[in-house]
Amino acid sequence: MSMSTRQRVQARLTRNKVAMVGGVYLLVVVIVALLAPLLAPHDENLATRFQDILFSPSSEYWLGTDHVGRDIASRLMFGARYALFAGAEAVVVALAIGVPLGLLIGYFRGWVDAVVMRIVETVVAVPAIVMAMAIIAGLGVGLTKAMLAVGIVYSMVITRLTRAEVFAAREELYVDGAIAAGASSIRVMFRHVLPNVAPALIVQTTLLFAQAILAEAGLSFLGIGAGSDQASWGRMLRDAQLSIDRTIWPAIPPGLAVFSTVVAFNVFGDGLRDAFAREARGGRIGVGDVQRREARPIDNEGVPVQDAGGSSASDPVLTVRGLSVAFPRLGTDDDVEVVSGIDLDVGRGEVVALVGESGSGKSITALSILGLVPDPGQASASSIMLDGSELVEMPFEQLSRIRGTDIGVIFQEPFAALNPAHTVGRQVAEPLRYHLGMSRAAARARTIELLAEVGIPDPESRIDAYPHEFSGGMAQRVVAAMALACGPKLLIADEPTTALDVTVQGQLLDLIGDLARRRSMSVLLITHDLGVVADLADRVAVMYAGQVVETGCLEDVFASPQHPYTEGLIRAIPRNVSRSGDLPTIPGLVPSPWEWPDHCHFADRCEHVTQECRSGAVALTPSATGMSRCVRAEELALKGVREEAS
Amino acid sequence: MLRLLVGRLAAAVPLMFAVATLVFFLAQANSSDPAGSILGLDATEDAIDAKRAELGIDQPLLSQYGDWLVDAVQGDLGTNWFTGEEITTELFDRIPVTLGLAFGGLLLAVVIGCSLGVLAALKAGRWQDRVITVIASLGIAMPSFWIALLLAYYFAIELRWLPAVWPPGGPDGIGEWVEALVLPSVALGVAASAAIARQTRSAMIGVLQRDYVRTALAKGLPVRRVVGRHAIRNAAIPVVTLIGFQVAALLGGSLFVELIFNIPGLGSYGVDAIFRGNVPALLGFVMVIAFVVVLVNIALDLSYAWLNPKVRVRG
């Protein structure tokens, strides 16, 4: 990440025009509030001439006069002072009490949580304005005391929200991870929990500032906030009500003032929230269709397209040709390609491993095959054939049928992939019911069979359990059962074992291998770990920085890799390292997509790099064992696995 | 589920007790002398003392508290100092009016807020989303009493379409009830609709980014089913929380709206009690409001258990 979070937030915020307008408006309100005595043409309270009652706007009284002849424009300017002061007071009180309290009880839970939540519930059980009134009855009337009361009431809302967010954050794996890693409680709260709570707090704080301004207006409207000598906007509305049977006008400027200030706070807060969000926008179920791109004689780097790797699959279930995926780059109008012209074949009953480090574009390749590229992404391909059907530009509904029946998917995080609100049985049965039109009873019976097939003990009783009642390995088996429900021809397994405990990783891989053999099902196994594929795959496609750099049969690729990157991956398999040595890694990281060079993408990390490697784009060409995207493939004698891969 | 309900009801008892205690002593901190204000300026010392004894406020505070609590548990909230009527009776006469008003506002808010919020989330970043977001941002910023003033002026005083004040003797028949409650309910419901729309949108956007939504799509379910079965239920949890707040906010807002439209509900009763230092009436008012809010929250707690199975397990 080249920019700091703060810079990114600032950059996004300044690009948000609405938020900036809100911010500028607030600045104006603040300036008017500060300079009210200088700016106001008339006094805050004194009527200039007693008989000038309920005047319409004029050059002397810009916004007219109220029912006792006071200048509305001048009172409006002084009103800004009361509004901002009151809002700030209430919010500061609310945050000062609510955030520490919420963090504390959310983190420690137990009896502290129980006691505080009873108090919170007591206060929240009564509407805020009513509770504020009860506190005011004790404190006495007046703006400062009234807003202190409002702040105390609002702190309960902040406490409850912070606690809920802490609970939610605790559900996420990273907090457990930090605890497991031995971080102290305070450190976990401030380093891991608070940053995730902050966006929600910012949203709530802006709302609360707005609410506080409304509360000030309301209490002053009722006569227990600002005094009669304080030109608060709420007080002005109270006065306006007295003459409502004659004219509505005196209610318009103060009402608009409250309204517009509150709007400004809200839009500014929304802008902040969007700026904090990890993605600038999204969330829409915007899954872009895969666009057709004509098969071109040369690819986008000016290199002739070869028929890649596919030649080895005699009876392909899946053939992908020229698949590219581009995303708009944040902060620019440019698109960045994250996958460039992938060709891929999976034969019938064949297990193909797509291997590469994170950032190489392998997961997005899998999502493209499903037509599920996340929203701003644009996928294009000249062809994606699944068992004779062309998926490119297939309408969403038609593709949905194929997704549920012919392709099954296992994702990386089983708990994230399963819906926490439904039983596992219901989730496994859903495609059966929806795609195959099974009755409830038939779908249940079949679901039990499926759960048994993936090795879940006692499926008859586990079918009604919720995902959180399963271990990670068992939950991933549920996901597998869901993927298998309609008997897919192709199973896509996207890092199926990465999130799992080491002890169950092997079992799950064995399961996938068994299922593939028993069902004669093709598998596209996506992984960063070449070691994972050794027992499972028939063929390997190695991806690096958006390109396939080598393909070939498993044995060949392991025995004599034809690309330096593959050699590096093989060397990084722990079992190939003698016990004394450190685990060798490939130096450096996969470059970000916008940093990809025109020449060989791997050149900067390659120990065999020469001048020739940087002279131009490198094509995927036939090699001794398959295909390779390396100009030195023939001359280099790259090292593979010494002993036989078993 | 039944155990949860019983548990929540049991938990409501100490909660109501806590509210009663808190508000009783807060209200007593008011130092003004009710006997003097009831009898007027020319009352004699003896008359005031007699009145104080009659009201029971010459007793020590704790004994007043004990007496009040014992009566309150039996449903007797005391006698109104100013009208001499039973406070329980007075409040029960007013409950239907305020509940009708709050229900009108809530109905409006939930229907409009949830639909707009879901629509905005599904169209996130497109024009529909922008329009809804703008409307919600404007709606949330409107003080209910300002809307009430504007509605009263334009639709009642100017256009004379709907009554500006409560019909004398109360509304007669469904038609008059609806007529009398339309403007106040709208005034109450605008801000709540906007708040619910915002929360629904933000919750839906969060849920739509979750992996299980992707899983549901990968299962080949159509978007409508993915939204209906997999997204809305998970997105509903924060929305339900907000609705809980909104019920309290609506009851609080009824204070203003009832005042402006001259509606004889709980809100105007409470405001009147506060201004006159009518402590038992204020206490009764707060207890009834708290009771309604507690009941609503128990209903919402039960809905959490339905929405989030993890809660059900923790019980």
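Student: Why is helix 21 of chain A largely enclosed by the rest of the structure?
Tutor: Seven of its eight residues, in the run 564–571, are buried, so helix 21 of chain A is largely enclosed. Buried means 20 or more other C-beta atoms within 10 Å of the residue's own, with C-beta atoms placed from the backbone. Helices are DSSP runs of H or I, at least four residues, and strands are runs of E, at least two, numbered from the N terminus. This is a predicted model: local features need pLDDT of at least 70, side-chain atom pairs count only at pLDDT 80 or more, and totals for chains, interfaces and linings use all residues. Residues are numbered from 1 along each chain as its sequence is written, and chains are lettered from A and ligands numbered from 1 in the order written.

Student: Which residues of helix 21 of chain A are buried?
Tutor: P564(A), Y565(A), T566(A), E567(A), G568(A), L569(A) and I570(A).

Student: And what covers them?
Tutor: The cover includes strand 4 (351–355), strand 11 (539–544) and helix 20 (554–559) of chain A.

Student: New topic. Where does helix 2 of chain A bend?
Tutor: At A33(A), by about 50°. The bend is the angle between axes fitted to the seven residues ending there and the seven starting there. A proline, P37(A), follows within four residues.

Student: Which residues of helix 2 of chain A are buried?
Tutor: A19(A), G22(A) and V29(A).

Student: How many residues of chain A are in contact with chain B?
Tutor: 65, against 64 residues of chain B. Contact means C-beta atoms, placed from the backbone, within 7 Å.

Student: Which helix of chain A gives the most to that side?
Tutor: Helix 5, with eight residues.

Key
Contact = placed C-beta atoms within 7 Å. Buried ≥ 20, exposed ≤ 12 C-beta atoms within 10 Å, placed from the backbone.
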